Amino acid sequence: MVDLPPLPATPPSALSSSRKRKSRFNLFRVNSRREPNSPTRASNYNHVHEAVDYNFQRVATLQQQQKQMNSKFRRKTLTFQGRNDQAEHGDSSHSNLPLGVVGLRNLGNTCFLNSSLQCLSATIPLTDYFLGYDYRSEINQHNVLGTGGKLATAYAELMKEVWLQAAPVSGYTKISARVVKPTRFKSSLESFAPQFLGTSQHDAQELLSFLLDGIHEDLNRIPKKPYIEDRDCDGTHDERDAIEAWKNYLRRDKSLVVDIFQGQLRNTLTCLTCRHVNVRFEPFMYLSLPLNDDSHTLDDCLRLYLAEERLVRENQWYCSVCQTHRDATKKTDLWIVPAILIVHLKRFRFNEYGQLGSKNNARIRYPVGDSWDLSGMVCSRGSEEPLYDLYAVSNHVGDLGGGHYTAYSLNRFDDHWYEFNDTTCRKIDDRTLQGNSSSAYLLFYNRTQRVEPTSPASENSTAPSHCSTRNGTHKPSISPLRRRVPLIRRQSVSRPDLWPHTQVQNHEFREFARQSFPPSQLLDTTPETGDEYEEETSGGLSKGTTNTTVTNTDNDTHSGGEDDDVAMDETFETRK
């Protein structure tokens, strides 16, 4: 008989509920006859990593049991049928693939879908949210812009199938690369975005945009969106105006997608006649970077995107001071960058009628082993250090008529890159990754951190030439260990100290004007749906993160009322 390893014990956090307020568990598992192996989920962001670790441990144990059973049956097969049968039933080259390396079945020209899904699957904070958090508590059933949770649930089920579904333990099973057929997910996507019906080829960036927008609306914590008019600014109080714009945005749109993927741009228009300046701060979920003949690196594309342009002739801007259309300049700046930065290289050209014309196959070098430093490109002095590591790439190979999508992603367990070509998965090296500079289409970057310097840093560095508001910062050496687990803060209108605007280089909150409440009053604030307060984690961060300090003043920047939401510091940091 083969001694099988036992299943993992009950999560320790689930046993220590007596210390939690209202005696509510941090981790729970809802089992049923229909779904006996449902994953353990956390009831708040602080314990997502514990739930995910437990689920991965459980799957690894089941896989070990399967391998031992396969080994037992293989020995019997070799004994009675001879060793020639090993070629048919022996281990394949995929027997040691780590969790998450799973092929996706092509449902008919759906390589664009498979490529995008593989990149999102490698996005650790998003995947862990659906694997280890009670996401159903945040589903907005009444949002007419969403699907009532159908799309988010279908995506969660797909991620569970990719990451947590183990093969049967009993009986002999040939070990090979697993393949998942995303039929149910595609059906839910088609209900939300009918343009993806059928088997026509589509653009991966368009699919990604609709998918993330649909998940956002399904999980939007705002039950009823208020009308808020955009406010024009004059550029004299950018930091304050940017925070006000973000607060207004969160009053309408607030979800995990906002927490992870969305940043903020500063758009400046200047009338060339009267010099009137109009500034608006707007959210973004990805950067669509242009390419030209001078674009050779990702920085070249970004500088082209941020370059000032002139609006003349038919593109003139209507100046509210001149009250007529005038020649003007337009300038876009990165103000706040998100934890996960998606970069879209605009390889496809369109003609004057808006029809797709040709593809630009220029070789664009992008950082792979080294981090991408955007310190000279981000203007807000309140943003966390904009340092990014690449973790996934969506590739488009070929021309417009016969193109094909594949994906590369960095596995969280063995730290190796893998290529995903529909059902085929294989390990690749950095040379292969860097050799696809002409086909890289979507780049996925994860915010990372530097190692603190051993000697005091100089405070005499200067701000970027095009951003007069950013403080100079030192540049200590970069950690050799990839840190693909950015800290994600659950944002809310009543907790501006959790917004990305309030982060500084030493990982402490900078001062922000917010009414100071005694702890007892702070706890009585009506929470958002799905929120819980825990005495153990009040005012702190999740395990493994640096403590932060919050400075409150007597100036209240929040008027209260229906916009009051969560009054707790909820963060989570996922782990490899």
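Modeller: Buried means under 20% relative accessible area, exposed means over 50%, and partly exposed lies in between (1.4 Å probe, protein chains only). This is a predicted model, so local features need pLDDT of at least 70 and side-chain atom pairs count only at pLDDT 80 or more, while totals for chains, interfaces and linings use all residues. Residues are numbered from 1 along each chain as its sequence is written, and side-chain values use heavy atoms, with hydrogens and water left out.

Colleague: What share of the residues of the protein chain count as buried?
Modeller: The protein chain has 576 residues. The share of them that counts as buried is 52%.

Colleague: What percentage of the contacts with a separation of 6 or more comes from residues 24 or more positions apart?
Modeller: Contact means heavy atoms within 4.5 Å. Take the contacts in the protein chain with a separation of 6 or more. Residues 24 or more positions apart account for 74%.

Colleague: How many bridges pair β12 with β20, and what is the bridge partner of Val343?
Modeller: The two strands pair in the antiparallel sense, over 5 bridges. In β20, the partner of Val343 is Leu443.

Colleague: How many residues of strand β12 are buried?
Modeller: One side carries Ile340, Ile342 and His344, the other Leu341, Val343 and Leu345, and both faces are covered. Strand β12 (residues 340-345) is therefore largely enclosed by the rest of the structure. The buried count is 6 of the 6 residues.

Colleague: How many aromatic pairs does the structure hold, and what is the angle between the planes of Phe348 and Tyr441?
Modeller: Rings of Phe, Tyr and Trp (its six-membered ring) pair if their centres lie within 6.5 Å; planes under 30 degrees apart count as stacked, over 60 as edge-to-face and the rest as tilted. The structure holds 16 such pairs. Phe348 and Tyr441 are edge-to-face, 5.3 Å centre to centre, with the planes at 70 degrees.

Colleague: How far apart in sequence are the parts that this pair ties together?
Modeller: Phe348 lies in strand β13 (residues 348-350) and Tyr441 in strand β20 (residues 440-447). Both residues are buried. The pair ties together parts separated in sequence by 93 residues.

Colleague: The charged end of which residue sits over the ring of Trp163?
Modeller: A charge sits over a ring if NZ of Lys or CZ of Arg is within 6 Å of the ring centre and within 35 degrees of the ring normal. Here the charged end is 5.8 Å from the centre of the Trp163 ring. It belongs to Arg412.

Colleague: Which side chain meets Arg412 in a salt bridge?
Modeller: A salt bridge is a side-chain nitrogen of Lys or Arg within 4 Å of a carboxyl oxygen of Asp or Glu. This one is 2.8 Å, N to O, between Arg412 and Asp128. Asp128 lies in helix α5 (residues 124-132) and Arg412 in the loop between β17 (404-410) and β18 (417-421), so the pair ties together parts that are 284 residues apart in sequence.

Colleague: Which residue forms a salt bridge with Glu190?
Modeller: Both partners are buried. They are 4 residues apart in helix α7, so about one helical turn separates them. The closest N and O atoms are 2.2 Å apart, and the partner is Lys186.

Colleague: Is Ser188 buried or exposed?
Modeller: Ser188 is found in helix α7 (residues 183-192). Beyond its neighbours within four places in sequence, Ser188 is in contact with Lys150, Leu151 and Ala154. At 17% relative accessibility, Ser188 counts as buried.

Terms used: Pairing = 2+ DSSP bridges.
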